[in-house]
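Here's a quick briefing to read alongside the picture. Take a moment to look over the model, then work through the points below.

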There are 2 protein chains.
Amino acid sequence: MKDKFFKYIHELQDSIVAGLEKIDGKATFQEDLWKRPEGGGGRTRVIENGNVFEKGGVNISGVHGKLPDSMQTYFGVEDADFFACGLSLVLHPKNPMVPTVHANWRYFEMYDKDGNIVDQWFGGGQDLTPYYLFEEDAKHFHQTCKTACDKHNPEFYPKYKARCDEYFYNTHRNEGRGLGGLFFDYCKATDDMSMQNWYDFVTQVGDSFLEAYIPIVEKRKDLEYTKSQRDWQEIRRGRYVEFNLVHDKGTLFGLKTNGRIESILMSLPPHVQWVYDHHPEAGSEEEKLVQVLQNPKNWV
Amino acid sequence: MKDKFFKYIHELQDSIVAGLEKIDGKATFQEDLWKRPEGGGGRTRVIENGNVFEKGGVNISGVHGKLPDSMQTYFGVEDADFFACGLSLVLHPKNPMVPTVHANWRYFEMYDKDGNIVDQWFGGGQDLTPYYLFEEDAKHFHQTCKTACDKHNPEFYPKYKARCDEYFYNTHRNEGRGLGGLFFDYCKATDDMSMQNWYDFVTQVGDSFLEAYIPIVEKRKDLEYTKSQRDWQEIRRGRYVEFNLVHDKGTLFGLKTNGRIESILMSLPPHVQWVYDHHPEAGSEEEKLVQVLQNPKNWV
């Protein structure tokens with residue numbers, strides 16, 4: 001399973017990068033290979049100053065060795081070894097009419113002293129963070145998520161959509177980071193779902209990413225925008241930073257366990273603003289977005 | 001003590017705001033009064049888009065009531081009441097040759113069920129975060145801190161200077177947030193120092209703030225700078241955000257205990273950049289700064 005999924009994320013990174021470069025039409029991803037001293041490493045691919053993408057990364061990593069102390073405490077185990085691999089991506093478009101997107105698909109194995117697998121699970125998801133609300137974009141993204149889920153279990157979409165709204169939530173702002181999508185974790189073998197079934201599900205979602213995102217980019221990338229709409233995008237990007245640095249478990253875990261900082265923080269937007277006590281005007285497009293962030297909707 | 005110190009921070013806010021407005025020459029501080037539902041409130045004063053200060057706040061608050069659960073756990077007490085007041089300031093100048101500055105002076109009391117004081121202490125400090133290194137500025141700032149400390153105890157400056165270097169440290173970047181200054185906490189009555197002695201010390205430091213900072217602003221505010229120097233400032237401001245959102249106990253405490261968000265996050269800079277894997281050129285002024293941040297120096 002681990003070899004199969006590791007191979008899958010390599011291929012997925014290639015196909016996602018190719019799809020994004022094609023629509024960007026200017027910038028290409030720059031690759032950094034890195035090694036983790038304790039075992040494993042990664043292939044970070046970053047795009048900057050493109051026609052469409054101001055900054056973004058599509059990164060894979062596969063790490064293994066002794067489970068770090070903080071993670072042993074977290075999982076309540078002792079002296080365990082582990083293997084973890086995954087693909088993480090964040091894209092920050094230049095045009096405020098094009099939403100930011102985040103996705104992640106990962107697999108984890110834990111071993112006893114004799115190297116036997118004692119636990120294994122998948123996790124991941126994908127979610128959309130627009131600066132202006134185009135309802136048809138939200139519907140398209142969520143519908144693509146739902147279609148991928150429904151091929152496996154009709155309960156998955158509502159369940160993982162709700163978890164996404166719950167997870168990507170800036171509690172200190174009382175609003176969602178974006179319009180959500182899917183979030184799932186600790187997907188372990190049960191009577192209904194073998195690990196192979198979970199593999200099929202997670203790769204189905206991974207395969208749906210370009211289909212979920214590219215048509216939205218295509219529709220919005222050439223729309224005109226004003227300086228004040230760009231300012232609004234940069235202010236909203238501040239909320240993205242707040243979520244990632246204050247609340248996101250993956251980011252904090254990476255920062256506190258000596259992960260590769262530049263690969264983790266590629267998620268942070270290129271240009272960001274903080275304005276004291278900023279509120280959009282009543283009845284404006286900006287306020288319409290905030291209202292939806294404060295009250296997550298069902299899009300399909 | 002609590003009334004005396006609360007009165008002191010009101011007066012200090014007035015005099016610091018007056019000093020900053022005078023040197024800015026354009027923008028004035030806007031005042032927001034706010035109430036805390038559970039008891040107390042604050043007087044937030046924010047400056048934006050000045051000649052000198054692009055964004056900043058000089059805030060006081062005095063809050064009281066039942067000690068929040070998370071703080072009870074933190075202090076290892078049960079069913080306690082508390083009073084806390086303090087002044088917090090952060091100033092982000094426009095010109096990258098002028099350093100950002102942060103300061104805070106605070107007082108805390110804890111009570112038993114009958115309203116008797118069971119614990120009380122002062123805390124605070126002030127620290128400098130330049131974007132370009134002018135050694136004479138670092139020396140002036142630290143010398144002013146030392147002079148204030150030395151009037152009370154010759155051991156205070158070395159001790160609180162070291163604590164400042166240790167506290168304002170971005171562990172995930174292996175570098176200090178800035179050039180330090182003073183940081184002290186849990187200053188409680190001992191055989192050597194009564195609470196009145198601590199009051200005298202803390203207010204001495206508070207009174208030294210304008211003297212520590214204004215001459216530096218005066219010297220640097222009209223220096224010319226290039227777009228790439230401004231970019232460097234915005235990239236470094238990203239590290240400021242990282243510290244405040246990932247590591248700063250005060251900020252996280254405020255965010256997780258329903259503090260007034262806009263007063264807490266006034267500390268975040270107005271315009272910020274994140275560039276993937278950015279490194280200053282070898283031998284540049286930018287690299288010189290980073291080397292000092294990685295290896296804190298003694299300035300006096």
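Strand β10 (residues 271–273) of chain A and β10(B) run antiparallel, joined by 3 bridges; strands pair if DSSP finds at least two bridges between them. This is a predicted model, where local features need pLDDT of at least 70, side-chain atom pairs count only at pLDDT 80 or more, and totals for chains, interfaces and linings use all residues. Residues are numbered from 1 along each chain as its sequence is written, while chains are lettered from A and ligands numbered from 1 in the order in which they are written.

**The contact between the chains**

- In the strand pairing, A:V272 stands opposite B:V272 of β10(B).
- Chain B puts 24 residues into the contact and chain A puts in 23 (two residues are in contact if their C-beta atoms, placed from the backbone, lie within 7 Å).
- On the chain B side, α6(B) gives the largest share, 4 residues.
- That side of chain B splits into 15 nonpolar, 3 polar and 6 charged residues (Ala, Val, Leu, Ile, Met, Phe, Trp, Tyr, Cys and Pro count as nonpolar, Asp, Glu, Lys and Arg as charged, and the others, Gly among them, as polar).

**Helix α1 of chain A**

- Helices are DSSP runs of H or I with at least four residues, strands are runs of E with at least two, and both are numbered from the N terminus.
- The 23 residues of α1 (residues 2–24) of chain A should span 33 Å at 1.5 Å a residue, and the end C-alpha atoms are 32 Å apart, which agrees (the expected span is 1.5 Å times one less than the number of residues).
- Just after α1(A), A:G25 has a positive phi of about 75°.
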